Amino acid sequence: MARQGLFGSSLVKKFWMALTGLFLISFLVVHVTLNSFIFFNDGGVTFNTGAEFMAKNPIIRTMEVVLFIGLIAHIVDGLILWSQNRAARPVRYAVEKGGANRTWYSASMGILGTLILFFLIMHLWHFWVKSRITGLHHYGLDAEGQENLYGAMLEVFQNPFVVVLYVLGCFSLFWHLLHGFKSAFQSLGLNHKRYNPIIAFLGTAFSIVVPTLFALMPIAIYLKWIQ
Amino acid sequence: MGNMKLTLKVWRQNGPNDKGKIVDYPVNDVSEDMSFLEMLDVLNDELVRKGEEPIAFDHDCREGICGMCSLFINGEAHGPGRGITTCQLHMRKFKDGDTIHVEPWRSAAFPVIKDLATNRGAFDRIQAAGGFVSVNTSGNLVDGNALPIPKPDADKAFDAATCIGCGACVATCPNGSAMLFTAAKVSQLSLLPQGQVERKQRALAMVEQMDKEGFGNCSNTGACEIECPKGISLEHIARLNREYLAATVTKE
Amino acid sequence: MSKLDSKIPPGPIDKKWTDHKGHIRIVAPANKRRIDIIVVGTGLAGGAAAASLAEMGYNVKAFCFQDSARRAHSIAAQGGINAAKNYQNDGDSTYRLFYDTVKGGDYRAREANVYRLAEVSANIIDQCVAQGVPFARDYGGLLDNRSFGGVQVSRTFYARGQTGQQLLLGAYSALMRQVGKGAVQMFDRHEMLDVVIVDGKARGIIARNLITGEIERHGAHAVLLCTGGYGNVFFLSTNAMGSNVTAAWKAHKRGAYFGNPCYTQIHPTCIPVSGTHQSKLTLMSESLRNDGRIWVPKKLEDAQAIREGKKKGRDIPEADRDYYLERRYPAFGNLVPRDVASRAAKERCDAGFGVNKTGEAVYLDFSAAFERYGKQQANIQKLENPSKEKIIELGKAIVSEKYGNLFDMYENIVGENPYDHAMKIYPAVHYTMGGLWVDYNLQTTVPGLFALGEANFSDHGANRLGASALMQGLADGYFVIPYTVGDYLADDIRTGPIKTDTPEFDAAEKEVTDRINHFLNNKGTKPVDDFHRRLGKVMWDKCGMARNAQGLQEAIQEIRQIREEFYRDVRVPGKATEFNQELEKAGRVADFLELGELMCIDALNRNESCGGHFREEYQEMEGPQQGEAKRDDANYAYVAAWEWTGDAGKANLHKEPLTFEEVKLTQRSYK
């Protein structure tokens, strides 16, 4: 069982985990920024402009493919790591006091990731499939005559059940990021007494701000804070 | 003298191929001045007198430095208390009437020999893969002071070098990873000028052996650092990651 | 007598080793490959020897009873390692280290060996530094030193309070490098249970695989015993639980003479015994005596009140404290050698001044150091008129930096904060200067059987100075045996592999198996520890810090009694073919029960007081040296080497006279 080279060893798997994770984090920045355009509360015009740019620009479309590859790599790598980690302890402890030495979420990245994946499938079904494959004709055009992805949002988030699932998805993302952000730096060897507090602060801030903004979107629409 | 009564739930396993089970033992007359292992001595004494087989557990120096003692006590490596090994755990940390779970280190790489004793030979093999400076014995080496080492580097290297190889890091890691152990040695030698020559090769070889042994992968939960009796820092794991990454991308 | 040839090379003392190395025979590289060497024990001596011999090209098999070579008890040495580097420019030299060691050993060591030890000491530091041992360094990046008991220079190299650990891990890493190359075959969890003699030469060992219980035969051209000391004969000691005399004792029974068995070092600064459950004693590094002051109350009623818990040490005013070491030994004060400090503590406690429940403890007090360091620190920080509390606080921080791990260890064990209350300490068995008799080449009286480190008797005389055990272990392993073993092996280049299917191996294996079966089939009632504890108490009471003829005679009878009962009434559960820790213990205690008797016989024979051997009948009765040990150089300046004759009580005494050409024998005075 040779686990060497750029793809094999345990450490390299973690480097890839960290790199893909940071890449996905960078995507979240773009995603949350564009989506936050809905808070202009201008009937979705700004948001739809952004959405159209994202849908038409060839560079972005290419990046989209890279993004999917990154996501799949993150998932596959995570599954391999998870199964190796399971195998590393064939007999479990009868009593294990994990709370004494680690946060629960740092030891639950696989479960949190899986929850996020389920959420993601639903999320893609709700929006990406419509915007990229089946089309958004159903929602007509917005005031500026652009394709109305915003209209899709308004419709999807009328269902309270969906809103709750989205909020739960954001919670999973929050916990996943809270460990993942810092952890990625550690896996890449970026640990330095002077900069650790900054990384920790950024990680926590990012984990709170981004999922909160995301969660606010369905909530705001459902509660009709924005129309 | 002894005033505590305890119930122990101890893992008994007759050999590597036995399935093993948890057995309850009442222990009376436990004094708070006893170490945890002395409490087990008392129980074993009783068992032998009754004609039963005593509980097998590893121990040697009983002063927290040889790394031979282990035990997962009440869900924690080396039991409650920080910066100590099981032999330094004293019964004043428990109270009358307590139930205490005692299990061996659990890891695919540390098979159980009997009861609470496990085989940690994997650590020796990791060490043999590269945890050294290749210098033969010779009466003609340069003077020790010919190579000044900045005190902060020497201190940091020392911190890493205090690893006692007990395996608590593996035992406590939710993934059964041996990164803290491996990192401590790689880090010590990469911080010192003596270790530079074999720096890349060492990181690659020790990680390769670590993987071969069947340890899990580090997910940076930090549990090892907290349960490590010598308080070895995660900083060393980061350094190993750096060393390994650099060695991997630059190796020819 | 013919057998006791110490083989000291001729010539002036500072040329002996160099000349000897230049003239002894060596084995050519191609021939080394054809030679097998067994190394038993993987501490400083064994680890260093196994690694060095493998590097040279010999085939090495290394054995240890622990689960890894890294766990040998050398690892527990705290304070440091001496070397005559004179880095501190305080007048140190090879000669001075040699002189201090001979004097510290109370003139009962072999001069030539000690000089060689001092000579190679500097190489050890270089070797360890090259291996990556992280010694303490000063801010200029150079190696730091501290001072230790019994000397007036700073020559002790250290790595915080874990010097033994760092040196051992250095040797272990060298050893594992050879294991990785296949040059050393490592047998951990293996215990040597006999040495096999073929045609008068040591040709192999019988070992038990402690996991499977299998009895194995291993042949070799030479056998090196690096198996440490036998302090565990006292049951309570600072040794590891597994430390034992079995390998050395089996060698003794096969013809190796045992040298000076009665020389036991009682370390003055250990944590006192807390109860009957106690399984071992914990050392507090001697380095603490650099800054701690040892005292007991001057008034008996204060001591009484402390023992009853009515008073604490800090309630006793300065004027009512008796800093007895400073009082008795103004020149060395708290840094007198270990034997002297231990006896002084016993003397005070026996007189009723002990300060814990059992009456067997004295204070080791850091309050003066807190104040001294605090004032320094206040000056450095330019604090004006700092309060007393502030000074103490600053001082505590400095002390914590220097000895923090020891203070934590103390608090852990005792449950009392040593920063607020003075530590309580009492002497405990720590090291045994005696061991297998060896000649200058470290060869025992059995050809091909060598003994290194604490397992031999050679370098420390009747008392070992602090930080010299690590020095000796590494000197023997790295720098002596690699040369001297070649001289012996030069005859073996045509011998070919040692066969183990011979009658000698058959017989040795049968003896081992019979012994094991005896224990397992014995229908006894008591666990092994029962007998060990009883033996330990007899040894401590009658062959401990102070001995007298009557006590020793009683002890001999009592030990015989315990031994007889042991064989009749010991219960060893389990099987031979499994991991069986009670069985391991039984074998070890059986050997301690014979060794204990020999120690008493040796102590009884030595009608003088020297170093760790203090006979109450032989002390200065008057004058300024009253109460100090009284040596008898006219009659006892010899090594007592005992030959086994088939009965522990009937050992034959052989004497190796000690001649002193370099050092003048005087009364050892630290006043």
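**Domains, contacts and a sheet**

Reply: Chain C is divided into domain 1 (271–429) and domain 2 (503–657), with bounds that come from an automatic or database domain assignment. This is a predicted model, in which local features need pLDDT of at least 70 and side-chain atom pairs count only at pLDDT 80 or more, while totals for chains, interfaces and linings use all residues. Residues are numbered from 1 along each chain as its sequence is written, and chains are lettered from A and ligands numbered from 1 in the order in which they are written.

Me: What separates the centres of domain 1 and domain 2 of chain C?
Reply: Taken over C-alpha atoms, the centres of these two domains of chain C are separated by 34 Å. Their contact takes six residues from domain 1 of chain C and six residues from domain 2 of chain C, where contact means that C-beta atoms, placed from the backbone, lie within 7 Å.

Me: Switching topic, how many residues do chain A and chain B put into their contact?
Reply: Chain A gives 37 residues and chain B gives 39 residues.

Me: And which open sheet is there in chain C?
Reply: It has five strands in the order E12-E16-E15-E13-E14 (chain C), with antiparallel pairing; strands are DSSP runs (E, at least two residues), numbered from the N terminus, and two of them pair if DSSP finds at least two bridges between them.

Me: Why is one side of E12 and of E14 in chain C left without a neighbour?
Reply: Strand E12 (264–270) and strand E14 (321–322) of chain C stand at the edges and have a single partner strand each, so one side of each has no neighbour in the sheet.

Terms used:
Two residues are in contact if their C-beta atoms, placed from the backbone, lie within 7 Å. Helices (H or I, at least four residues) and strands (E, at least two) are DSSP runs, numbered from the N terminus.
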